[in-house]
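I opened this notebook to record what I looked up in one structure. The entries follow the order in which I worked.

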Amino acid sequence: MPPKEKVSKAMIETTAFEMTREYGFSEVTARKLAQRLGCSTQPIFRAYENMDELRCDLFYMSTDYLIEQMLSSRSRTPAYMGLALSYIDFARNEKNLFRLIASVDDFGTQTISEFLKTEEGEKIRKKICNTGSSDRKDQELFTMFWMFVHGMAALIAGNRVDFTDREIRTYITKAYEGFIREV
């Protein structure tokens, strides 16, 4: 019977996730990760062929974490506002995870229309698009609104704008109401 692993893949993922939150993924090297785990780099490369593979897993862990945060956020009215503010709060407070999620690298992720077909996507769409319109119009509304919210979140995470919470709410309301009129 082979010896029991002292450093599991789950331990590597958890530690890498914490390091990504603190410093950003660009600072997560095999050597630094091994040091934090108190081991050599061997267990890391036993679990992962390379750091890109770990980065991909961290992308999905970060995305799951974001969706969990959004769906469990305190209830704000209207619902579209709550989801948008949760996303923006995530970008503001979890800048390193947001940067990983918002990176332009292709992790085999879904398009917006594919995401909307998932259980989580359907829940988010229903909260945002409570208009009684057709699925096609709801999808169009979601797409326009989410592009706006994502852009605002990216600007905030990148320290490109410094909006007050009141300004953010005002811009979100105006954008949503304008998109509603267009669909």
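**Entry 1: Cysteines**

I began with Cys129, which counts as buried at 4% relative accessibility. I use buried for under 20% relative accessible area, exposed for over 50% and partly exposed for what lies in between, with a 1.4 Å probe and protein chains only. Cys56 has a relative accessible area of 24% and is partly exposed. I then looked for disulfides, taking a disulfide as a pair of cysteine sulfur atoms within 2.5 Å. The count by this rule is 0.

**Entry 2: Basis of the values**

I note that this is a predicted model, in which local features need pLDDT of at least 70 and side-chain atom pairs count only at pLDDT 80 or more, while totals for chains, interfaces and linings use all residues. Residues are numbered from 1 along each chain as its sequence is written, and side-chain values use heavy atoms, with hydrogens and water left out.

**Entry 3: The chain as a whole**

I looked up the secondary structure and found 10 helices and 0 strands in the protein chain. Helices (H or I, at least four residues) and strands (E, at least two) are DSSP runs numbered from the N terminus. Read from the N terminus, the order of elements is α-α-α-α-α-α-α-α-α-α. The C-alpha atoms fill a box of roughly 65 × 35 × 30 Å along the principal axes.

The protein chain has 183 residues, of which 39% count as buried. Its accessible surface is about 10900 Å², and carbon and sulfur atoms hold 49% of that; the areas come from the Shrake-Rupley method with a 1.4 Å probe, and for residues only the protein chains shown count as cover. I also looked up contacts, meaning heavy atoms within 4.5 Å. Among contacts with a separation of 6 or more, 65% join residues 24 or more positions apart.

**Entry 4: Charges**

I recorded 26 positive and 27 negative side chains, and the centres of the two sets lie 4 Å apart. Lys and Arg count as positive and Asp and Glu as negative, whereas His and the chain ends are not counted. Each charge is placed at NZ of Lys, CZ of Arg, CG of Asp or CD of Glu.

**Entry 5: Salt bridges**

The structure holds 10 salt bridges, each a side-chain nitrogen of Lys or Arg within 4 Å of a carboxyl oxygen of Asp or Glu. I looked up several of them.

In helix α5 (residues 79-93), Asp89 and Arg92 are 3 residues apart, about one turn of the helix. Their salt bridge has its closest N and O atoms 3.9 Å apart. Asp89 is partly exposed at 25% relative accessibility, and Arg92 is partly exposed at 27%.

Helix α8 (residues 119-128) holds Glu122 and Arg125, 3 residues apart. Their closest N and O atoms are 2.8 Å apart in a salt bridge. Glu122 also meets Lys126 in a salt bridge of 3.7 Å, N to O, and this pair lies 4 residues apart in helix α8, about one turn of the helix.

How exposed or buried is Arg125? Arg125 is buried, at 9% relative accessibility. Glu122 is partly exposed at 25%, and Lys126 is exposed at 52%. Finally, I noted that Glu122, Arg125, Lys126 and Asp138 are linked in a network of salt bridges.
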